[in-house]
Structures are given as C-alpha cells and as structure tokens.
Amino acid sequence: MRKGNGRMIDGQTRTCGVIGNPIKHTISPLIHNTLAGRFGHNLVYVPFAVEDGGLEAAIKGAYALDILGMNVTVPYKGEVIKYLTDADPLAARIGAVNTLVRAGGGYKGFNTDMSGLKRAMSSEGISMEGEEIILLGAGGAARAVAYLCAEQKARKVYILNRTIEKAQAVSAEINEAFGREVSLPLLLSDHAKLPDRRYLAIQATSVGLEPHDEEVVIEDEAFYKKVHTGYDLIYKPFNTRFMKLVRQAGGRAYNGLKMLIYQGIDAYELWNDVKISTDDADYVFDVVKREMGL
Ligand code: NAP
C-alpha cells in the first residue's frame with residue numbers, strides 16, 4: 001500500500017494527523033504529505049474527525065497509539081489545553097493550541113498559527129516591531145493576532161470590529177496581559193477616527209471569503225490611503241477585495257496562504273527535527289496553490 005506521498009507504508013511508518021470537527025475540508029494532509037515526500041520521511045499524515053465529547057479520549061488514544069504529532073483545529077484549539085502535559089508560553093497566553101508534540105507522558109502544545117503568521121510575514125519582509133497596526137476583526141483569529149502584535153512589540157494595535165464589545169474585550173485582555181496600553185478598540189464604521197498616518201493593516205474578519213469575493217468590511221478609499229501594507233488572513237479567493245483596494249491606493253498586499261503553509265511547516269519542523277528552507281516552503285506553496293486551484 002502506498003501513502004499519500006507515494007512511499008510504501010511499512011512497519012516503520014510514523015503517523016501524524018489533524019483533529020477537528022468538521023475535518024473533511026482540511027488541506028493539512030496535502031501540506032504534510034508533500035513535505036514528507038520532499039524530505040523522503042517515512043511519515044503519513046491523516047485527518048481525524050473527533051465528535052463532540054470525544055477530545056480527551058482522542059488525545060489519550062493518540063498518545064497510546066504512538067502518534068508522532070497532531071494538529072488541532074476548530075472547535076478544539078482551546079479545549080485541548082486541559083489534556084496536555086505542557087504548553088509553549090505564547091500558546092498558553094493566547095489560550096489556543098493548534099500543534100501537539102510528543103513529550104514525556106503526553107503532548108506539549110504550541111500555536112504555530114501565530115508563529116506561522118510571523119514567519120510568513122517575515123518572508124515578505126514585514127515586521128510588526130514598532131508598527132502602528134490596524135486589526136480588522138475581533139474573532140478567534142484576530143484575538144490571537146492581537147497577542148502576536150503585542151508580543152512582537154507593535155507600538156499600537158487598533159482593533160476595529162462590527163461588534164464593539166468584542167473589540168473592547170480583546171483590547172482590554174491584551175493591555176492587561178502585556179501591562180501596557182498597546183491596544184485600542186474602535187467600531188469598524190468609525191475608521192475615519194484613526195490618526196492620520198500609515199499603517200500595517202491585518203484583515204482578520206471572515207468577510208470576503210469565497211464565494212463572497214467582492215465583499216469587504218471597509219470600502220472607503222480614504223481608509224486605504226492610510227495603509228502601507230495590507231495582510232489578509234483569507235486566501236480563497238487568492239486576491240481578495242481588501243487586497244485589491246490596498247493595491248489601488250498604492251500599498252503592498254498579501255493573502256493568508258503563506259500563513260497557512262508556515263503553520264504547517266512550523267509543526268512539521270517540531271515533529272521531525274528538520275529546518276525547512278524558503279525554497280522548500282515555496283515548493284509546498286506551489287503544490288498547494290495548484291491543488292487548490294488558486
Ligand atoms: P470568527 O471567530 O467567526 O470571527 C469572525 C470575525 O469577522 C468577527 O470579527 C466578526 O465580527 C467579523 N464579521 C463577520 N461577518 C461580518 C460582517 N458581515 N461585517 C463585519 N464583520 C463581520 O472567525 P475567525 O476564526 O476569527 O476567522 C476569521 C478569518 O480568518 C476567516 O476568514 C478565516 O478563514 C481566516 N483564517 C485564516 C487562517 C490562515 O491560516 N490563513 C487561519 C485562521 C483564520 P463580529 O464580532 O461583529 O461578529
């Protein structure tokens with residue numbers, strides 16, 4: 001029998017996987033089996049659907065079955081923490097884990113969504129340090145990004161959300177966690193109140209996701225004139241309306257596909273003790289882009 005990367009499965013094949021619910025849409029197997037094939041590792045990566053109430057048994061079972069490493073996705077990134085033996089400080093601080101690494105007696109949790117975003121940005125020459133950042137959204141992804149911004153020493157993070165209470169809650173949490181007034185909440189519709197300067201803007205709402213390609217949370221051209229770099233967490237469509245508006249106003253714009261690839265790469269490195277080069281990352285990027293029809 002052959003595994004996804006074309007090698008034979010044998011007595012020494014290691015298994016990794018992703019747990020979540022639903023899980024059929026995941027592209028993590030594509031990322032990891034492509035990496036295993038590229039490096040010639042005897043490893044197979046598979047999806048595991050875990051039903052509500054089954055998480056503890058799944059984690060214990062995975063450990064008992066000698067599963068090398070796991071990714072964790074919606075809805076278990078928070079809940080999984082109580083079943084781990086240890087957690088990386090940033091993941092513990094955010095309260096969200098997406099990668100499990102075997103350690104003595106159980107798994108240690110990491111958040112490679114955020115290390116992946118940092119690495120994806122850095123591969124494009126983008127740094128958060130000293131930046132004034134506009135963060136669009138205050139949902140699960142935006143909250144983690146807000147932590148990353150503060151941890152990466154952003155000067156200011158303006159959190160703009162349709163529901164102001166959520167932006168206020170995330171802002172208060174970040175300011176408390178980092179002991180400085182780094183974050184300010186704002187209603188999306190109040191974007192004109194942003195001080196007149198140039199920003200790094202991170203789009204972390206779900207608006208603009210395929211098939212709603214032409215939707216965007218802010219249409220106003222004046223807003224985009226304030227953006228020197230726009231980073232959309234969405235990668236489908238490949239060029240979102242947010243990215244188009246940033247570019248039309250003269251800024252640089254990127255989608256979230258590299259973030260997705262690098263969260264996988266960071267996990268793969270943790271499990272396999274390898275360092276994945278930019279060339280290898282670009283190779284995976286091309287394979288995923290082609291397979292997803294992007
Ligand atoms: P979420 O928790 O459901 O949050 C959704 C956010 O979008 C909230 O801030 C929500 O505002 C806002 N929103 C939704 N509909 C809106 C509308 N019609 N007008 C204005 N705001 C609206 O979702 P999430 O998990 O944070 O994910 C957000 C996005 O990030 C998704 O598109 C996801 O695909 C993407 N993502 C990408 C990666 C990657 O690897 N590239 C990783 C994670 C997430 P309210 O609070 O007002 O409802």
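1. Strand β8 (residues 156–161) pairs with β9 in the parallel sense over five bridges; strands (E, at least two residues) and helices (H or I, at least four) are DSSP runs numbered from the N terminus, and two strands pair if DSSP finds at least two bridges between them.

2. Please keep in mind that this is a predicted model, where local features need pLDDT of at least 70, side-chain atom pairs count only at pLDDT 80 or more, and totals for chains, interfaces and linings use all residues. Residues are numbered from 1 along each chain as its sequence is written, and side-chain values use heavy atoms, leaving out hydrogens and water.

3. Both strands belong to an open sheet of six strands with parallel pairing, in the order β9-β8-β7-β10-β11-β12. β9 (183–187) and β12 (252–254) stand at the edges with a single partner strand each, so one side of each has no neighbour in the sheet.

4. Next, the domains: the chain is divided into domain 1 (14–110 + 258–292) and domain 2 (115–255), with bounds from an automatic or database domain assignment. Their C-alpha centres lie 26 Å apart.

5. Three salt bridges are counted between domain 1 and domain 2, each being a side-chain nitrogen of Lys or Arg within 4 Å of a carboxyl oxygen of Asp or Glu. The side chains of D266 and R119 meet in a salt bridge at 2.4 Å, N to O. On the side of domain 1 that touches domain 2, the elements giving two or more residues are α3 (89–94), α9 (257–272) and α10 (278–291); α9 gives the most, with eight residues.
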